[in-house]
Amino acid sequence: MKKVLVTGGNGQLGNELRVLSKLGNDNHQYFFTDVEDLDITNESDLKDWFSKNKPDQVINCAAYTAVDKAEENSSLCYLINQTGAEYLAKECNNVGARMIQISTDYVYHNEINRPLQESDPTHPQSVYANSKLEGDLAVLSASLNNLVIRTSWVYSSFGHNFVKTMIRLGQERDSLNVVCDQIGTPTYARHLAQALITILSHPESEGGIYHFSNEGVASWYDFATAIMSIEGLACQVFPIPTEQYPTPAARPLYSVLSKEKIKGSFDLTIPHWREGLKECLSLLKKGQ
Ligand SMILES: NC(=O)c1ccc[n+]([C@@H]2O[C@H](COP(=O)([O-])OP(=O)(O)OC[C@H]3O[C@@H](n4cnc5c(N)ncnc54)[C@H](OP(=O)(O)O)[C@@H]3O)[C@@H](O)[C@H]2O)c1
């Protein structure tokens, strides 16, 4: 059995990979680690771990993901998102493993107003986005076999995210203002995890950048409205422009990702974001 290391295994995506790995539908032996047992910024621990376990592939789900806090904690953010990714890529090279780095739509943040292609110019405008781009570049330059999967607006029944916040606020309040001029696509982490498992089973596939999100397009307002409606919450959602909801870190107004490359390369069919949302909400209802 080929060995797969998943770093950041206690996060949203790491947990979804863990759930799918337990189904035993693929021929991999998984190692799930997180900061307490394998800190990706600790080069000597990484070296020891890799020489002992010699993974065949590594999915790096470990990241500093607090986008607004990153503006104040930039050193830690760069340490995890850039240096940690760089160390991992180096260890992958030492044992001949392929690395799959998870990254973000926020690296684009340009003026383009149609689905973003992998070849489009990047223009990160926050500490988080810039640190992720630096991590991507380190991983890509370490080996032509490495993949960078850029995704957007990730949520899951695990961890903290927009969906859970909306459910809580929807239960507490009669109305809510949500930004309507940031356009992108929500991604159910379980669907991304499924795609990653398919990618693992193609170890010889071409390296480089790929995009993954669910299908469809939404504003945060559309997403919030759908959450209230599926949950049957009476809370009224009002659309507001970004300027009425200022945040420390700037977000792109348009970051819909084109998925043509990943769909064609791995023969993927990607569900619409509303399907992902329904699936996640139904798991949350069951307390899973
Ligand atoms: N969430 C989104 O909306 C979104 C959107 C686009 C792209 N992405 C990307 O998708 C990937 C997965 O995101 P996610 O939502 O699953 O993130 P997440 O839930 O925040 O999980 C990240 C995990 O990494 C761990 N971690 C932090 N520092 C570490 C270190 N030094 N060594 C090892 N593990 C460490 C975190 O532990 P602690 O919690 O203890 O810090 C956490 O368990 C990330 O690369 C992220 O940048 C996320």
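**View 1. Helix α3 and the residue that follows it.** Just after α3, Gly 96 takes a positive phi of about 75°. Helices (H or I, at least four residues) and strands (E, at least two) are DSSP runs, numbered from the N terminus. The model is predicted, and local features need pLDDT of at least 70, side-chain atom pairs count only at pLDDT 80 or more, while totals for chains, interfaces and linings use all residues. Residues are numbered from 1 along each chain as its sequence is written. Helix α3, residues 74-95, has 22 residues and reaches 31 Å from its first C-alpha to its last, close to the 32 Å expected at 1.5 Å a residue, where the expected span is 1.5 Å times one less than the number of residues. At Thr 83, α3 bends by about 30°, the bend being the angle between axes fitted to the seven residues ending there and the seven starting there.

**View 2. The buried residues of α3.** A residue is called buried if 20 or more other C-beta atoms lie within 10 Å of its own, exposed if 12 or fewer, and partly exposed in between, with C-beta atoms placed from the backbone. By that rule the buried residues of α3 include Cys 77, Tyr 78, Asn 81, Gly 84, Leu 88 and Cys 92. Among the elements that cover the buried residues of α3 are β1 (2-7), α2 (43-53), β3 (57-60), β4 (98-104) and α4 (127-142).

View 3. Six strands form an open sheet in the order β2-β1-β3-β4-β5-β10, with parallel pairing; two strands pair if DSSP finds at least two bridges between them. Because β2 (28-32) and β10 (208-211) stand at the edges, each with a single partner strand, one side of each is left without a neighbour in the sheet. Neighbouring strands of this sheet are turned by 20° against each other on average, direction ignored. Helix α3 packs on the sheet, touching β1, β3 and β4, and its direction makes about 160° with that of β4; such axes are lines fitted to C-alpha atoms, for helices over the stretch in contact, and angles run from 0 to 180 degrees between N-to-C directions. Helix α4 lies across β4 and β5, running at about 160° to β4.

**View 4. Strand β4 and two pairings in the sheet.** Strand β4 is mostly covered, as seven of its seven residues are buried. In a regular strand the side chains alternate between the two faces of the sheet. Both faces of β4 are covered, with Arg 98, Ile 100, Ile 102 and Thr 104 buried on one side and Met 99, Gln 101 and Ser 103 buried on the other. Strands β3 and β4 pair in the parallel sense over four bridges, and Val 58 stands opposite Met 99 in β4. Strand β5, residues 147-151, pairs with β10 in the parallel sense, also over four bridges, and Arg 150 stands opposite His 211 in β10.

**View 5. The packing of α3 and α4.** The two helices pack at an angle of about 10°, with their axes 9 Å apart. They are therefore roughly parallel to each other, a description given to angles under 35 degrees. Residues in contact, meaning that their C-beta atoms, placed from the backbone, lie within 7 Å, include Cys 77, Asn 81 and Ala 85 in α3 and Ser 131, Gly 135 and Ala 138 in α4. Helix α4 has 16 residues and reaches 23 Å from its first C-alpha to its last, close to the 22 Å expected at 1.5 Å a residue. What covers the buried residues of α4 includes α3, β4 and β5.

**View 6. The enclosed helix α1.** Seven of the 10 residues of α1 (residues 12-21) are buried, so this helix is largely enclosed by the rest of the structure. The buried residues of α1 are Gln 12, Leu 13, Gly 14, Asn 15, Glu 16, Leu 17 and Ser 21, and they pack against β1, β2, β3, β4, β6 and α6 (189-200).

**View 7. Two loop residues with positive phi.** Lys 54 has a positive phi of about 40° although it is not a glycine, and its place is in the loop between α2 and β3. Lys 54 is partly exposed, with 13 other C-beta atoms within 10 Å. Trp 153, also a residue other than glycine, has a positive phi near 45° and sits in the loop between β5 and β6 (154-155). With 22 C-beta neighbours inside 10 Å, Trp 153 counts as buried.

Technical notes
Two residues are in contact if their C-beta atoms, placed from the backbone, lie within 7 Å. Angles under 35 degrees count as roughly parallel, over 145 as roughly antiparallel, 65 to 115 as roughly perpendicular and the rest as oblique.
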